[in-house]
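This report describes the architecture of one protein chain.

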Amino acid sequence: MQSIQQCFLFVFTLFLTGCAGTPSRSDLPAEKTPYTVHVVQYGWHTALLFDGPSFLARSTKLGHDFKDHKYMLVGWGDGEYFVEDHPSMGQAVKALVASDYPALQVGGRETNPPLGVAAGDSVALAVTESGYAQLVAYVDRSIAADADGKPVYLGKQVVNLNLFYKATGNYSMFNNCNSWLVGALRAAGLPVSGINLTARSVFEQAERISALQRQK
């Protein structure tokens with residue numbers, strides 16, 4: 001999917017970088033920030049890495065499916081492409097222009113950065129108590145429910161390790177995993193701004209916010 005995204009999104013990269021605002025220290029929450037979440041990027045994809053115990057203790061939907069993980073990795077993507085081990089080119093194109101539904105990937109991890117992520121591709125963000133609660137609630141709201149109110153599972157399921165859920169919202173080239181992550185950071189009260197369709201634009205803003213937080 002990375003090559004397809006590159007073809008579609010390369011022409012927007014400079015524009016998107018220019019649209020991303022530069023936060024200042026006055027934009028940061030004034031309250032104490034006892035929680036930390038990490039923004040991680042895998043090429044054109046971004047996800048969030050949470051402290052496992054604190055995340056699962058607050059999630060109303062995921063505590064049943066996961067136990068005893070040091071970290072939890074959460075990402076959002078196209079429902080058909082995201083769950084495949086070896087998706088086709090056709091699925092990649094369809095994901096960008098005619099996605100049927102999105103999926104939320106949730107997995108337990110034991111390292112930070114998680115396997116497959118370089119140290120420089122994980123950035124820590126400090127979050128307030130209320131911001132963390134809103135962030136976990138945002139993740140919970142992203143899981144679609146069936147008629148009985150239960151999560152809808154997708155693809156292969158590795159219990160207590162890696163699960164895919166049918167998600168809420170609509171996936172497209174202009175509302176992708178990076179857009180979802182921006183919504184998550186805004187729910188947490190962090191000053192993410194501008195149009196963010198690429199992992200680079202999201203990650204660079206996260207780096208700026210992290211640098212400002214370290215200056216406080």
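## Basis and confidence

The structure is a predicted model, in which local features require pLDDT of at least 70 and side-chain atom pairs count only at pLDDT 80 or more, whereas totals for chains, interfaces and linings use all residues. Residues are numbered from 1 along each chain as its sequence is written, and side-chain values use heavy atoms, with hydrogens and water left out.

The mean pLDDT (the predictor's confidence in each residue, from 0 to 100) of the protein chain is 84, and 81% of its residues reach 70 or more. Residues 1-19 have a pLDDT below 50, and beyond near neighbours in sequence this stretch has 32 contacts in the model; contact means heavy atoms within 4.5 Å. Where pLDDT is low, the predicted coordinates should not be read in detail.

## The sheet

Helices (H or I, at least four residues) and strands (E, at least two) are DSSP runs, numbered from the N terminus. Seven strands form an open, antiparallel sheet in the order 5-1-2-3-4-7-6. Strand 5 and strand 6 stand at the edges with a single partner strand each, so one side of each has no neighbour in the sheet. From one strand to the next, the twist averages 20°. Axes are lines fitted to C-alpha atoms, for helices over the stretch in contact, and angles run from 0 to 180 degrees between N-to-C directions.

Strand 2 (residues 45-51) pairs with strand 3 in the antiparallel sense over four bridges; two strands count as paired if DSSP finds at least two bridges between them.

## Nonpolar cores and a buried serine

A nonpolar core is a set of buried Ala, Val, Leu, Ile, Met, Phe, Trp, Tyr and Cys residues joined through side-chain atoms within 4.5 Å. The largest core contains 41 residues, of which Val39, Leu48, Phe50, Phe55, Leu62, Leu104 and Trp180 touch the most other members. Apart from this core lies another, of six residues, among them Val40, Ala47, Leu49 and Tyr71.

Leaving aside its neighbours within four places in sequence, Trp180 contacts Leu48, Val74, Trp76, Leu104, Tyr138, Val139 and Ser142. Ser142 is found in the loop between helix 5 (129-141) and strand 6 (153-158). With a relative accessible area of 5%, Ser142 is buried; buried means under 20%, exposed over 50%, and partly exposed in between (1.4 Å probe, protein chains only). On the same exclusion of neighbours within four places, the contacts of Ser142 are Leu104, Lys166, Ala167, Thr168 and Trp180.

## Salt bridges

A search of the whole structure finds three salt bridges, each defined by a side-chain nitrogen of Lys or Arg within 4 Å of a carboxyl oxygen of Asp or Glu. One joins Glu129 and Arg58 at 3.7 Å, N to O. This pair links distant parts of the chain, with Glu129 in helix 5 and Arg58 in helix 3, 71 residues apart. Both are partly exposed, Glu129 at 43% and Arg58 at 31%.

Arg200, Glu204 and Arg208 are linked in a network of salt bridges. The closest N and O atoms of Glu204 and Arg200 are 3.1 Å apart, while Arg208 and Glu204 meet at 4.0 Å, N to O. Glu204 is partly exposed at 22% relative accessibility, as are Arg200 at 46% and Arg208 at 26%.

## Backbone features in loops

Most residues other than glycine have a negative phi, and most peptide bonds are trans. The peptide bond from Asn112 to Pro113 is cis, with omega near 5°, and Pro113 is found in the loop between strand 4 (102-109) and strand 5 (122-127).

Asp68 has a positive phi, near 60°. This residue is placed in the loop between helix 3 (52-58) and strand 3 (71-78), and Asp68 is exposed, with a relative accessible area of 78%.
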